[in-house]
Amino acid sequence: MKNSLSQILIFISLFLSLSTYGQDPIFTEYKVKEFSFQGHEAKIVFPNTGNTNRYWIWRARFWGHEPQVDKALLEKGFHVVYVDVSDLFGSKTAVDLWNDFYTFCTSEYGLHKKVVLEGMSRGGLIVYNWASQNTDKVFAIYADAPVCDIKSWPGGMFSGEGSPQAWKRCLEAYGLDADSIKDFDDIPINNSVKVAKAGIPVLHVYGDADVVVPFEENTALLAKNFKEAGGQIELIEKKGVGHHPHSLKNPSPIVDFIWQSVTYKE
């Protein structure tokens, strides 16, 4: 009963929100629906020719930045979806909203019960925090220069640059302060173990000169825990590259990884 009421409230809020079909400046050759979901900007890009499996990729951050992977998947019949929770930094509030948005996407548009997650930068926080609680709903994770510990970014508590303004908002989102954050361990570096044990394949792309989200404080530590838990993680290093740009000029290695994850048969 509680779940049914929750779903009803989700659809009522959507009915009351404005939605439009427009021409996105990045995805000009596709139909794009733009709308507000529980007060957060949301978008869905529809493939010109959908596949029968209704595959989809869920982008967590930097809408339209380096869209070559998204466009390649659209050509394979994927939908591309997005809801902006960037200022929630992967907190419980963000995870709860993603739960609702997942229900909406699968119910309203009939998308596949499993999704590919795409987490750039701080998007790494929500993709891992959500996936660790929804391992049965995830095909694979593609993370690009991902934040794997809020103490690294925006906290800047180690060698990374950090962001004082974002750090203040992050602590508020998590209900933490300068003291309680010290022992806080509900982060992707640790949560990823559940993803690994569920057999979900993961790909990280990173620049070895990234001083904003340093490899050593984020991907390196996550990959160590992931492998020790028996998980499959692939790393692609970009020599001499900082935090930007994300992705790869030739997205084929990323696209191939994603395609293999959705078509894999035991």
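Over the ring of which residue does the charged end of arginine 61 sit? That ring belongs to phenylalanine 62, with the charged end 4.6 Å from its centre. Here a charge counts as sitting over a ring if NZ of Lys or CZ of Arg is within 6 Å of the ring centre and within 35 degrees of the ring normal. Lysine 76 does likewise with tryptophan 259, at 4.8 Å from the ring centre.

A word on the model: it is predicted, so local features need pLDDT of at least 70 and side-chain atom pairs count only at pLDDT 80 or more, while totals for chains, interfaces and linings use all residues. Residues are numbered from 1 along each chain as its sequence is written, and side-chain values use heavy atoms, leaving out hydrogens and water.

On to the salt bridges. With a side-chain nitrogen of Lys or Arg required within 4 Å of a carboxyl oxygen of Asp or Glu, the count comes to 13. Lysine 43 pairs with glutamate 34, the closest N and O atoms being 3.1 Å apart. Lysine 43 is buried, at 7% relative accessibility, whereas glutamate 34 is partly exposed at 28%; buried means under 20% relative accessible area, exposed over 50%, and partly exposed in between (1.4 Å probe, protein chains only). Both residues also belong to a salt-bridge network with Asp24 and Glu41.

Another salt bridge joins aspartate 70 to arginine 59, at 2.9 Å between the closest N and O atoms. Aspartate 70 lies in helix H2 (residues 68-74) and arginine 59 in strand E4 (residues 56-59), eleven residues apart. Helices (H or I, at least four residues) and strands (E, at least two) are DSSP runs, numbered from the N terminus. Aspartate 70 and arginine 59 are both buried. In helix H7 (residues 219-228), by contrast, glutamate 228 and lysine 224 are about one helical turn apart, because four residues separate them. Their side chains meet at 2.9 Å, N to O, with glutamate 228 exposed at 57% and lysine 224 partly exposed at 49%.

Then come the rings. The whole structure holds 23 aromatic pairs. Rings of Phe, Tyr and Trp (its six-membered ring) pair if their centres lie within 6.5 Å; planes under 30 degrees apart count as stacked, over 60 as edge-to-face and the rest as tilted. Tyrosine 55 and phenylalanine 139 are edge-to-face, because their planes stand at 80°, with the centres 5.7 Å apart. This pair ties together parts 84 residues apart in sequence, and both residues are buried. Finally, one aromatic cluster includes Phe35, Trp58 and Trp130.
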